[in-house]
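Trainee: I have a new model open and would like to learn how to read it. Could you take me through some of its features?

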Amino acid sequence: MTDLYQSQRAMRNLRKAALQRGMIAILDVGTSKIACLILRFDGLEDTSDGDGVGSMAGQSNFRVIGAATTRSRGVRFGEISAMNETERAIRTAVQAAQKMANVRVDHVIACFSGGEPRSYGLAGEIELHDALVHENDVSRVLAACNAPDIGEGREVIHAQPVNFALDHRSGLADPRDQSGNRLACDMHLLTVDAAVVQNLLYCIKRCDLDLAGIASSAYASGIAALVEDERELGAACIDMGGGSTGLSIFMKKHMIFSDSVRLGGDHVTSDIAQCLHVPFAVAERIKTKHGGVHATGMDDREMIEIGGDSGDWEKDRRQVSRTELIGIIRPRVEEILEQAAERLDAAGFSHLPSQQIVLTGGASQIPGLDGLASRILGQRVRMGRPLRVQGLPQAATGPSFASTVGLCLFAAHPQDEWWDFEIPAERYPARSIKRALKWFKDNW
Amino acid sequence: MQSLNRALPPRRDPAPSRWAYKMQRLWLTPAFRIFMRLGLPVLVVALALAIFMASQARRDSLWGLMTSAKEQVTERPMFMVNLVAIDGASPELADAVRAKLALRLPQSALELDLDAVRVAAENLDAVARAVVRLGVGNVLQITISERQPAWVWRTESGLILLDDTGHRIAGLAERADRADLPLIAGQGANLATPEAIALLQAARPFEDRIRGLVRISTRRWDLVLDRAQSILLPADNPVAALEALIALDDAENILARDLTAVDLRNPKRPVLRLAPPALDALRAVHGITVPTESKS
């Protein structure tokens, strides 16, 4: 775990360097598309007006100067399956974005949806040396969290302290410099398959880029699609992507749970392709143009030309009614939503005070989905679109760009993670110079 | 039956090749752009110039080309100076100026350094100020104001004419040539001419008796009169001392008597030095006999 801890620290330093240069790229490696945004940071935002939300909800300090989207290749279920193809797709997106921005970027923050994310809730507690919480006490309490068995070949990508408690007072956002005797913390740990992260790292390295941060796309789309009060009071975000559907539950502005269902819009398309015997591209076109989840009497009469180029007149002139198409789409969408509801139930979402659910992602654009979703997930369902950020092209404001936009916000306002705090002295090897230096630093 | 629609050719891969991608990133690097826009052209030009200039023959031919082109312009007749006109100088001085300048005529006006000509002319002792300009018809007009002789200075090497500021003008063969000018002598006499003028002004009552002024130890003046009389003046305020003597002379007619020197160096105690016959006569009047051996 120390190895990843070090690499995450290195990423954090790279991100700081990139923010100082004022230029960073955002890369969303999805199953159906790869999006690249280039952000320019114009300087530190003025935060003099208290701890509230600044102008433009804190997004005014950066601007999107380059944006490009390309069809994803070689990605299945949000995981890289053909490295060369994915590398080409990333190169296409990065080059187009660089051309639009007319700058060169070296640092990139990436997100992906695969890797079977698993959530763990951790708790730690320490006695304070003196009756005041210092910086190193925070790192000590984070280090004191009981590490779960995350399994072989898995790595931590998010380890966020979500709550601090000092004696009997809980719900502290920042316990530093407060007085008390016992400091306790709750940490949310998100692990993914190590091979998936390694593949993504390697792929980005092959594009001559440095990875300055990595995030789960469920987390990123939750940041973008949930509004401020939903994140505060508690809400779940369901990001319906091409190859997988990500879930994230937010509470008190922190992500407390994340999971993913390995089903998405591409499965709907492949259902259509199989049932109608049409190529994948045609099925995709029919889905986006005529798709729906509620059949009405009108839809019986609406005939859709399927087409084909087999040369057989009978086959090439086939028609299908929209009702039949909906009959293909609906079971799969229901399956996705039922699976998501199952995961939410398993996470104990029903015990949360607020039952708000926000649907976003490219597959959430099927007409009539909100009605179907409210029947399966509960009454409080809304369709979410990502926040507007400065300079984002109109084409990239749809729900399918929720995780891309969320990653922008993540880059601008990173959440404190475990590795942002200094390593407590006890964790250093017993006879190292670093430990001696640390002791000097802490005591003088 | 085959498909009536011809199979489309495989779509071109939109992804840039690895090298195209690298090149685009390189071109977007600011340092590289600046180098290609400024550094490289400068480097290429400098290299070409260096290769051309490496051969001595090419350097010489280039140099020759430049000088001949310059000459073609400067040697045109409208720029040539053929004549020097010297105004305001005596014929001898004009000849001396001409000899001093030693201009190679005809010469191009563009190559003529008028300032240098002026400085060369003013370097002559007899020239106080020279104004040099190119006149109509490319005549080099030199207007000279001569120094006016005011003093004759007798030195060990001979007589020298000085102007009123004490600057040397020329040598003089005979004192009689310029009998109208007052005579000064002694080392450093030329440096104290303003004081000498003041003294001569003050000594106007016995103007006809003055033979000259002698500078003693570059410090003070002696006024020498005829009949081998001299007036020793103090270093400080000699004019006042002289005026005091003139007052004394008016009252008692001292200078007409048989004196060799009037010593005014100490203004509170003027001393008269008598000629030997007068001294003897004075002693006889007072009945003093002096032993002959002590007189020597």
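Trainee: In which loop of chain B is Asn237(B) found?

Mentor: Asn237(B) sits in the loop between strand E12 (230-232) and helix H7 (238-252) of chain B. Helices (H or I, at least four residues) and strands (E, at least two) are DSSP runs, numbered from the N terminus. A word on the ground rules: this is a predicted model, where local features need pLDDT of at least 70, side-chain atom pairs count only at pLDDT 80 or more, and totals for chains, interfaces and linings use all residues. Residues are numbered from 1 along each chain as its sequence is written, while chains are lettered from A and ligands numbered from 1 in the order in which they are written.

Trainee: What is the phi of Asn237(B), and is the residue buried or exposed?

Mentor: Its phi is positive, about 55 degrees, although Asn237(B) is not a glycine. A residue is buried if 20 or more other C-beta atoms (placed from the backbone) lie within 10 Å of its own, exposed if 12 or fewer, and partly exposed in between. Asn237(B) has 11 C-beta neighbours inside 10 Å, so it counts as exposed. Asn138(B) also has a positive phi of about 55 degrees without being a glycine. Asn138(B) belongs to the loop between strand E4 (127-134) and strand E5 (139-146) of chain B, and it is partly exposed because 18 other C-beta atoms lie within 10 Å.

Trainee: How should I read the sheet with E4 and E5 of chain B, and what is its strand order?

Mentor: Strands of a sheet pair through backbone hydrogen bonds, either parallel or antiparallel. Here, two strands pair if DSSP finds at least two bridges between them. This open sheet of three strands has the order E2-E5-E4 (chain B), with mixed pairing. Strand E2 (83-87) and E4 of chain B are at the edges with a single partner strand each, so one side of each has no neighbour in the sheet. On average, neighbouring strands are turned by 20 degrees against each other, direction ignored. E4(B) and E5(B) form an antiparallel pair over seven bridges, and Arg129(B) stands opposite Ser145(B) in E5(B).

Trainee: Which helix packs on this sheet, touching E2 and E5 of chain B?

Mentor: That is helix H4 (residues 91-101) of chain B, whose direction makes about 140 degrees with that of E2(B). Such angles run from 0 to 180 degrees between N-to-C directions, with axes fitted to C-alpha atoms, for helices over the stretch in contact. Contact means that the C-beta atoms of two residues, placed from the backbone, lie within 7 Å. Helix H5 (residues 114-122) of chain B lies across E4 and E5 of chain B, at about 155 degrees to E4(B).

Trainee: How do I find the sides of a helix, and which residues of H8(A) are buried?

Mentor: An α-helix has 3.6 residues a turn, so residues three or four places apart point the same way. In helix H8 (residues 280-290) of chain A, the buried residues are Ala283(A), Glu284(A), Ile286(A) and Lys287(A). They share one side of H8(A), because they cover an arc of only 165 degrees around the axis, taken from the directions from the helix axis to the C-beta atoms. Exposed Ala281(A) and Lys289(A) are on the face turned away from the buried side. Among the elements covering the buried residues are helix H7 (265-276), strand E15 (303-305) and helix H11 (322-346) of chain A.
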